[in-house]
Amino acid sequence: MRLPVLLTCLLAACLAETPHPCESPLFLSGALTVSTQNEKLWTYAKYLYDALGRRVRLLELGTYENKTFTYDVLLLYREATMYEIHHHNRTCKKMPLKVEFYPLAIPKDATLLGQAVVGSSSGPGQGLLVNTWTGELPDKSGKYSSVVTEFGCIPVNTNYQTKEFGWVVTSFFDNVIGIEDPNLLNPPSFCSEAERMEDQKEPVDFFSLFQSKK
Ligand SMILES: *[C@@H]1O[C@H](CO)[C@@H](O)[C@H](O)[C@H]1NC(C)=O
Ligand SMILES: *[C@@H]1O[C@H](CO)[C@@H](O)[C@H](O)[C@H]1NC(C)=O
């Protein structure tokens with residue numbers, strides 16, 4: 001009994017290194033979907049992500065409580081500012097962004113749930129090797145799980161618990177390393193006279209971006 005087990009191990013698992021928590025590339029663009037357990041929200045967004053400059057742009061198209069919406073937002077974490085961009089009338093709303101920037105990464109204290117192949121390992125190009133991690137959210141308000149590719153630490157999906165929505169599921173796809181048009185990470189010229197809104201009640205975080213202003 002021992003030998004076949006050992007052989008299998010030598011051929012497959014033992015050759016692979018144990019996965020370690022990892023950081024995703026500093027520049028990413030692609031698309032994502034967000035949906036919630038309570039079915040209130042579904043959204044598709046194109047995203048641009050610059051971890052070095054701490055800037056994120058989201059161009060969303062979704063439904064919230066059965067109403068469709070579009071939402072274009074630029075988050076400048078360094079300046080603690082966000083812009084809601086309305087292209088159709090060339091206006092912006094400038095608002096304080098009172099949250100920390102969390103880079104796309106698997107936290108050092110995450111627990112490895114396991115390694116798996118999404119798709120199939122039967123033929124070339126049919127599968128994707130991923131690692132699934134779990135842990136507690138930084139503010140201890142619940143749990144999360146994150147799936148990233150073994151090679152490149154590219155986000156595949158994340159789940160986290162929220163009080164308002166239950167589990168929030170984000171799936172990433174069509175990710176490309178780099179940002180083709182870095183201009184999209186600067187406020188458009190017509191934003192310079194943006195009206196500053198200081199009376200924001202709730203702090204904005206990544207999660208609330210998908211529920212506000214609907
Ligand atoms: C959304 O639509 C579905 C199906 O028509 C309905 O059952 C549900 O109550 C609606 N939800 C809200 C929040 O209006
Ligand atoms: C521009 O459009 C946005 C979103 O539809 C709206 O909230 C805002 O009041 C408009 N601004 C002007 C000046 O019309």
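The model is predicted: local features need pLDDT of at least 70, side-chain atom pairs count only at pLDDT 80 or more, and totals for chains, interfaces and linings use all residues. Residues are numbered from 1 along each chain as its sequence is written, chains are lettered from A and ligands numbered from 1 in the order written, and side-chain values use heavy atoms, without hydrogens and water.

The protein covers 38% of the 360 Å² of accessible area that ligand 2 has on its own (Shrake-Rupley method, 1.4 Å probe). An N or O atom in the side chain of N89 lies 2.4 Å from an oxygen atom of ligand 2. For H88, a polar side-chain atom is 3.2 Å from a ligand 2 oxygen atom.

Strand β11 (residues 166-177) runs antiparallel to β1 (residues 27-36), with 8 bridges between them. Strands are DSSP E runs of at least two residues, numbered from the N terminus; two strands pair if DSSP finds at least two bridges between them. In β11, V169 stands opposite S35. Strand β10 (residues 155-162) is also antiparallel to β11, through 6 bridges. A hairpin of 3 residues connects β10 to β11. T162 faces G166 of β11 as its opposite residue.

Key:
A polar contact is a pair of N or O atoms within 3.5 Å; within protein, one must be able to donate a hydrogen and the other to accept it, and residues adjacent in sequence count only if both atoms are side-chain atoms. Helices (H or I, at least four residues) and strands (E, at least two) are DSSP runs, numbered from the N terminus.
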